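Notebook open. I want the ligand surroundings, the charged pairs and the nonpolar surface. Entries follow in the order I looked things up.

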Amino acid sequence: MKLHLGGFHDCTAPSSDKIFIKATGGGAYKFADLFKEKLGVSLDKEDEMECLVTGANFLLKAVHQEAFTYLDGQKEFAQIDPNDLYPYLLVNIGSGVSMIKVDGDGKFERVSGTSLGGGTFWGLGRLLTKCKNFDELLELSHQGNNRVIDMLVGDIYGGTDYAKIGLSATTIASSFGKAISDNKGLVDYKPEDISRSLLRMISNNIGQISYLNALRFGLKRIFFAGFFIRGHAYTMDTISVAVNFWSKGEAEAMFLRHEGFLGALGAFMSYEKQCLDGLTVNKIPQRFPISVSSAGNKIYCSMNGKSNDNESIECTVYRT
Ligand SMILES: Nc1ncnc2c1ncn2[C@@H]1O[C@H](COP(=O)(O)OP(=O)(O)O)[C@@H](O)[C@H]1O
Ligand SMILES: CC(C)(COP(=O)(O)O)[C@@H](O)C(=O)NCCC(=O)O
């Protein structure tokens, strides 16, 4: 509610009383006029990939138990040595998917991506199941059985494995493949089965492309982030299985506790970069330095340096 009061004054132009806030992603462009019109706030646009990487690096170095593996329902926190973090592959699953090779602070390259991402799951799911919101679709996938719709290796090979090339009877041979052979229409399939197949198809595909990119650059660690994951067990499990399957156990999928906030965090941290990198000390606003701490699922960023009480800002980033 106090966004328009708590915005920042542009520290590169002290004479200006323009209020701005950092923002990233497509929304920073798309909604810039709306923010200006409704709140009188200008959006200071930060590059999305840069913010994702800054956010991920910060979390992986500063937050205890940020990264974890997830396989067969088991969540295991990974010990990340900040001195041995790079290189790694960051896979951000939002509407679409970006794959970024990270070599250090500010050192990265977007090496690949796919348009089959969270938007695909939600978009197709909405059309096929009539779900009204994402959570409902995700919830449905819990109860579904993908074998009803997916064509398995066993369906093609008369119930047996195709052992010669290492495919078990239960491996999905063709996502949604059964829908062609049955004399059935959409109404004959349960929404929960459709949701389950869809989630597996998207997660599997992302896991596979990610692993292939990790292989391409010799990267052992793959961190998956983005709001698509939402800590959802089946999504993480499917991605992990895909990475494990394609890498023959060589690579490991890892997830982040604050997976949906990398971009926002990176944009937030760019206040520090902008003001501390390029300016002399007397031009730095009193609010700095930023002090950062974490507890449980929350990260506390207090920008309270020597400022008076009116100027201090405390920002809490938390997952719902
Ligand atoms: N409550 C929700 N409403 C809509 N989409 C959601 C929700 N929770 C998770 N998602 C998933 O998150 C995706 C968007 O992820 P996000 O990281 O916010 O990407 P973007 O940067 O494209 O907005 C959606 O396509 C959808 O798959
Ligand atoms: C264009 C985007 C970077 C925007 O990010 P998003 O809002 O999806 O998080 C992303 O959707 C993307 O990388 N899409 C995949 C494009 C491709 O490489 O095929």
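**Entry 1: a charged pair**

I started with arginine 230, which forms a salt bridge with aspartate 135, the closest N and O atoms being 2.8 Å apart. I use salt bridge for a side-chain nitrogen of Lys or Arg within 4 Å of a carboxyl oxygen of Asp or Glu. Arginine 230 sits in the loop between strand 11 (221–225) and helix 10 (233–247), and aspartate 135 in helix 6 (residues 134–143), so the pair ties together parts that are 95 residues apart in sequence. My helices (H or I, at least four residues) and strands (E, at least two) are DSSP runs, numbered from the N terminus.

Buried or partly exposed? I checked the relative accessible area of arginine 230 and found 27%, so arginine 230 is partly exposed. Aspartate 135 is partly exposed too, at 41%. The classes are buried under 20% relative accessible area, exposed over 50% and partly exposed in between (1.4 Å probe, protein chains only).

**Entry 2: ground rules**

I note that this is a predicted model, where local features need pLDDT of at least 70 and side-chain atom pairs count only at pLDDT 80 or more, while totals for chains, interfaces and linings use all residues. Residues are numbered from 1 along each chain as its sequence is written, chains are lettered from A and ligands numbered from 1 in the order in which they are written, and side-chain values use heavy atoms, with hydrogens and water left out.

**Entry 3: the other salt bridges**

How many salt bridges does the rule give? I get eight. I followed up on lysine 22. Lysine 22 forms a salt bridge with aspartate 44, and the closest N and O atoms are 2.9 Å apart. That pair links distant parts of the chain: lysine 22 is in strand 2 (residues 19–24) and aspartate 44 in strand 3 (residues 42–46), 22 residues apart. Lysine 22 counts as buried at 10% relative accessibility. Aspartate 44 is partly exposed, at 24%.

Glutamate 46 forms a salt bridge with lysine 22 as well, with 2.9 Å between the closest N and O atoms. Glutamate 46 lies in strand 3 and lysine 22 in strand 2, so this pair ties together parts 24 residues apart in sequence. I find both glutamate 46 and lysine 22 buried. Salt bridges that share partners join Lys22, Asp44 and Glu46 into one network.

**Entry 4: ligand 1**

Which residues are around ligand 1? I list Gly94, Ser95, Gly118, Gly119, Trp122, Phe134, Phe227, Phe228 and Arg230. A residue is listed if one of its heavy atoms lies within 4 Å of the ligand.

A polar side-chain atom of serine 95 lies 2.6 Å from an oxygen atom of ligand 1. A backbone N or O atom of glycine 119 is 3.1 Å from an oxygen atom of ligand 1. A polar backbone atom of phenylalanine 227 is also 3.1 Å from an oxygen atom of ligand 1. The protein covers 64% of the 570 Å² of accessible area that ligand 1 has on its own. Areas come from the Shrake-Rupley method with a 1.4 Å probe; for residues, only the protein chains shown count as cover.

Helix 5 (residues 118–129) gives the largest share of this shell, three residues. By class I count four nonpolar, four polar and one charged. Ala, Val, Leu, Ile, Met, Phe, Trp, Tyr, Cys and Pro count as nonpolar, Asp, Glu, Lys and Arg as charged, and the others, Gly among them, as polar.

**Entry 5: ligand 2**

Around ligand 2 I find Glu48, Met49, Asn92, Gly94, Ser95, Gly96, Val97, Ser98, Arg110, Gly113, Thr114 and Ser115. Backbone N or O atoms approach oxygen atoms of ligand 2 at serine 95, 3.1 Å, glycine 96, 2.8 Å, and valine 97, 3.3 Å. The protein covers 57% of the 470 Å² of accessible area that ligand 2 has on its own.

Helix 4 (48–62), strand 7 (97–104) and strand 8 (107–114) each supply at least two residues of this shell. Strand 8 gives the most, three residues. By class the shell has two nonpolar, eight polar and two charged residues.

**Entry 6: nonpolar surface**

Last, I logged a nonpolar surface patch of about 330 Å², made by Leu71, Val241, Phe245 and Trp246. Patches are made of residues with over 30% relative accessible area and no salt bridge; like charges are joined within 9 Å, nonpolar side chains (Val, Leu, Ile, Met, Phe, Trp, Tyr) within 5 Å. Helix 10 gives the largest share, three residues. Leucine 71 lies in strand 4 (residues 67–71). Leucine 71 is partly exposed, at 33% relative accessible area.

Note on methods. A polar contact is a pair of N or O atoms within 3.5 Å; within protein, one must be able to donate a hydrogen and the other to accept it, and residues adjacent in sequence count only if both atoms are side-chain atoms.
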